[in-house]
Amino acid sequence: MQSTDVELERLRVRREARRAELAAHSGVNQREGRALCLSGGGYRAALFHLGGLLRLHEAGLLAGLSLVSSVSGGSIVSAWLACRYLDTRRDRDESFAAWSDRIDFRAEVVEPFRAVAARDIRTLPVLATLPFNWLKPSWRIGLLERGYIRAFGERHLDELPECPSFVFCATDLSFGVNWEFSRRRVGDYLAGYLRDGARRVRLSCAVAASSCFPPVFGPVRFEAAPGDYQRGDYRGDDGDALRARIELSDGGVYDNLATEPSLRRYREVLVSDAGGPFVFESKRWWLSRLMRYTQVIGNQAEALRKRLFFGQAESGSFSGVYWSLTGYRDEGADGYSPALVREVLGRLRTDLDRFLDVEFEVLVNHGYFAAHDALWRQNGWVSETSPAVWPYPDRADENRVRRWLRRSHARVLHRRWWGAS
């Protein structure tokens, strides 16, 4: 993209918002279906989203999903959900909706994920490739993908269910736009979409590309010939050279809320945001200042995404529900207090190192009640017949949670390194 395209993208966003507003006022709205967007944030995000999924299932909303869009940590739990459906359905004809209505979600989906989050898929790839990672980043990515193969198997994207559509988002560093992996298509609107892409790409590859957060993991080099792409909007003379060297990074670089595939198409859009708060602080060392620049840019990009989501929801173009890891909640709401969320849960690390049982259960609890609170505010989304109860009541005492998680923000010298649980 040229620098002038930034302004064009802003105009496009404004145009889409205006179009949605006009459609709402005219009574013409062709949207249908329910989309769920799962943000990035490593294992922390995956566990927070897992609690939200549990509450959606209890409320009868999971069965009606048409789309699950995800980035980074959200893609881990999204892929897990798809795999659990494929592995535990009665037969190939059982729909996702019928499966969701039938199963014990906690037993079939939540508890088995404990073993996934207890596996460190970060440290070995980082240490094994430390001397040469920036020269050959594909080696570290290969080790990361191998970790995902252990969780999701050798499945390819064309094995995913047709409904809901599971979309795993990455960032196309060559063209600077959102790249999609799904059963329906692989690619983006500028580079184009790969012919027979879903059959060629493994689910583990899609999740690795979606979650290769920089600078720990370098970009994924996507190997395809320029002629393999179709319907790409980019017509420049250098198009073939760019398509021959597509590099993909963490989906959160472009859109950490994973809303890009959903805002223009669906009647109901639910967003689960596990991003941490933007910390107000002063940076003095030159390297920390450099990192601060990227933090500010990322924070503003995410703020624009939220503005777009809430603006379209308020205009009536779709019905939107949003919940977040550190968002505002009433002091009297069920779940953990705002003080505990702000001081402890919001500081939890976002890496792919192993999470202890207590961290697993506290985050599932928090995601569950964050989703419940947001749904409760929307009249009609949850009913009295589906009351909220603690998924893990033994982790409800806040004083004990503070003690258990007092070092959970640390990326080194944490008790998980010595096998504590």
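Helix H8 gives the most to the lining of the second largest pocket, with five residues. In this predicted model, local features need pLDDT of at least 70 and side-chain atom pairs count only at pLDDT 80 or more, while totals for chains, interfaces and linings use all residues. Residues are numbered from 1 along each chain as its sequence is written, and side-chain values use heavy atoms, with hydrogens and water left out.

The second largest pocket holds about 410 Å³ of space. A pocket is an open set of points on a 1 Å grid over the protein atoms alone, with protein on both sides within 12 Å along at least five of seven lines, and lining residues have an atom within 4 Å of a point. Grid points are joined across faces, edges and corners, and a volume is the space filled by probe spheres set on the points. Of the 18 residues lining this pocket, Cys 205, Val 220, Arg 221, Phe 222 and Glu 223 are the closest to its centre. At least two lining residues each come from helix H8 (137-152), helix H10 (203-211) and strand S7 (220-222). Helices (H or I, at least four residues) and strands (E, at least two) are DSSP runs, numbered from the N terminus. The lining comprises nine nonpolar, two polar and seven charged residues. Here Ala, Val, Leu, Ile, Met, Phe, Trp, Tyr, Cys and Pro count as nonpolar, Asp, Glu, Lys and Arg as charged, and the others, Gly among them, as polar.

One cavity of 30 Å³ or more was found, a cavity being a set of points where a 1.4 Å probe fits but cannot get out. The largest cavity contains about 40 Å³ of space. Its lining consists of Tyr 43, Ile 76, Val 116, Arg 119, Ile 121, Gly 147, Tyr 148 and Ala 151. H8 supplies the largest share of this lining, three residues. By class, six lining residues are nonpolar, one is polar and one is charged.

Asp 101 is exposed, with a relative accessible area of 61%; exposed means over 50%, buried under 20%, and partly exposed in between (1.4 Å probe, protein chains only). Asp 101 and Glu 58 are 43 residues apart in sequence, and their C-alpha atoms are 9.3 Å apart in space. Met 291 is located in helix H13 (residues 286-315) and is partly exposed, with a relative accessible area of 40%.
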